[in-house]
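Dear colleague,

Please find below the structure that I am handing over to you.

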Amino acid sequence: MASLLDIVVITGMSGSGKNAAMRVLEDNSFFCIDNLPVLLIPRFIDLCQGYREGMQRVAFGIDLRGAQFIEGWDEVLAETRRAGHHVEVVFLEASDELLLRRFNESRRPHPLQGGGPVQDGIAHERTALTGMRDSADRVIDTTHLNVHDLRKVIEDSCVQALGKRQMSIFLMSFGYRYGIPAEADMVMDVRFLPNPFFVSGLESKSGLAPEVRDFVLSRTETQAFVERMNALLDFTLPNYEREGKSNLTLAFGCTGGKHRSVVLAAEIARRLEGTPWRIQLRHRDIDR
């Protein structure tokens, strides 16, 4: 019987960091192949299974180079999963402003801009990739990530997860002032809680400070929210896992992403310790 493969697909917006992500996988013993036509993927998988050296981990880098990408992808993905292979689809994106700056700095044309400006290419690609983004197992917004941050995210969500197979829960704090995280599956607005920013002696501290944490968690409304949040996760997480979801990103937002959201994300992460899932915590805007 042919061995089953661990397959990671890296796709997303041009300029969002796909090449850097592929390098991370290559450094972690994945056999990486970029820009293979989608309809050739099943044939390549067959070759991997027959390779005498035992090629177990494969990563495909896929981008939008023509209509064939959209036309064949859903069928190929379903066929690969029906065959029993573990497939993780990661979609990378970034803000239009950042993508435009990256292309201007590199002086490279956008692959879909044609004879128009770079903005047209970005808009065309974002529209064309909507379906791919919706079907991805994990959406990663690289707008605020440097190469070291991206490496850690890819290793956490792809490399380590493959070895353990259980669902990964990514908890994130953020500030609405800087936008809702594009990668969030569930967003919890905690701006209804009293804001430590307006308390003397707490405004300059973050939610990591014990004083701020105690202020937020001591509120009756905070305790009620946490208990209801726990009940929601107790119900939803096993159902998400049963449906085959491998990654779930839960984001907590407050005004600036420095106080209330930090405390709540950390508290829910603490309460999820000891559960069957892999827990990762990130505070996106705490240093802004």
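I begin with helices α9 and α10, which are oblique to each other, because their axes cross at roughly 50° and an angle counts as roughly parallel only under 35 degrees, and as roughly perpendicular only from 65 to 115. The axes of α9 (residues 220–242) and α10 come within 11 Å. The crossing of these two helices is right-handed. On the α9 side, the contact is formed by Thr222, Gln223, Phe225, Val226, Glu227, Met229, Asn230 and Leu233; α10 contributes Leu264, Glu267, Ile268 and Arg271. Sorted by class, the residues of this contact comprise six nonpolar, three polar and three charged. Please bear in mind throughout that this is a predicted model.

Helix α10 (residues 260–271) also packs against helix α8 (residues 210–217). Here the angle is about 80° and the axes lie 10 Å apart. An angle of about 80° falls between 65 and 115 degrees, and α8 and α10 are therefore roughly perpendicular to each other. From α8, the residues involved are Val212, Arg213, Val216 and Leu217; they meet Arg260, Val263, Leu264, Glu267 and Arg270 of α10. This contact has five nonpolar and four charged residues, with no polar ones. Leu264 and Glu267 of α10 take part in the contact with α8 and are also listed in the contact with α9.

A further helix pair is formed by α4 (residues 96–106) and α5 (residues 118–128). Their axes are 10 Å apart, and the packing angle is about 130°. The crossing of α4 and α5 is right-handed. In α4, the contact residues are Asp96, Leu99, Leu100, Phe103 and Asn104, and their partners in α5 are Val118, Gln119, Ile122 and Arg126. By class, the contact of α4 with α5 consists of five nonpolar, two polar and two charged residues.

Two individual residues also deserve a note. Valine 89 lies in strand β4 (residues 86–93). With a relative accessible area of 0%, valine 89 is buried, because the cut-off for that class is under 20%. Leaving aside residues up to four places away in sequence, valine 89 touches Val9, Thr11, Trp73, Leu77, Arg81, Met132, Ala136, Asp137 and Arg138. The C-alpha atom of valine 89 is separated by 6.3 Å from that of isoleucine 10, although the two residues are 79 residues apart along the chain.

Is glutamate 183 buried or exposed? Its relative accessibility is 6%, and glutamate 183 therefore counts as buried. This residue is found in the loop between β6 (168–175) and β7 (186–189). Again not counting residues up to four places away in sequence, glutamate 183 touches Val139, Ile140, Asp141, Met172, Thr249 and Arg282.

Finally, the cysteines. The count of disulfides is zero, a pair of cysteine sulfur atoms within 2.5 Å being required. Cysteine 32 has a relative accessible area of 23% and is partly exposed. Cysteine 254, by contrast, counts as buried, at 2% relative accessibility.

Yours sincerely

Conventions: Residues are numbered from 1 along each chain as its sequence is written. This is a predicted model: local features need pLDDT of at least 70, side-chain atom pairs count only at pLDDT 80 or more; totals for chains, interfaces and linings use all residues. Side-chain values use heavy atoms; hydrogens and water are left out. Buried means under 20% relative accessible area, exposed over 50%, partly exposed in between (1.4 Å probe, protein chains only). Axes are lines fitted to C-alpha atoms, for helices over the stretch in contact, and angles run from 0 to 180 degrees between N-to-C directions. Helices (H or I, at least four residues) and strands (E, at least two) are DSSP runs, numbered from the N terminus. A crossing is left-handed if the near helix is turned anticlockwise from the far one by less than a right angle, and right-handed if clockwise. Contact means heavy atoms within 4.5 Å. Ala, Val, Leu, Ile, Met, Phe, Trp, Tyr, Cys and Pro count as nonpolar, Asp, Glu, Lys and Arg as charged, and the others, Gly among them, as polar. Angles under 35 degrees count as roughly parallel, over 145 as roughly antiparallel, 65 to 115 as roughly perpendicular and the rest as oblique.
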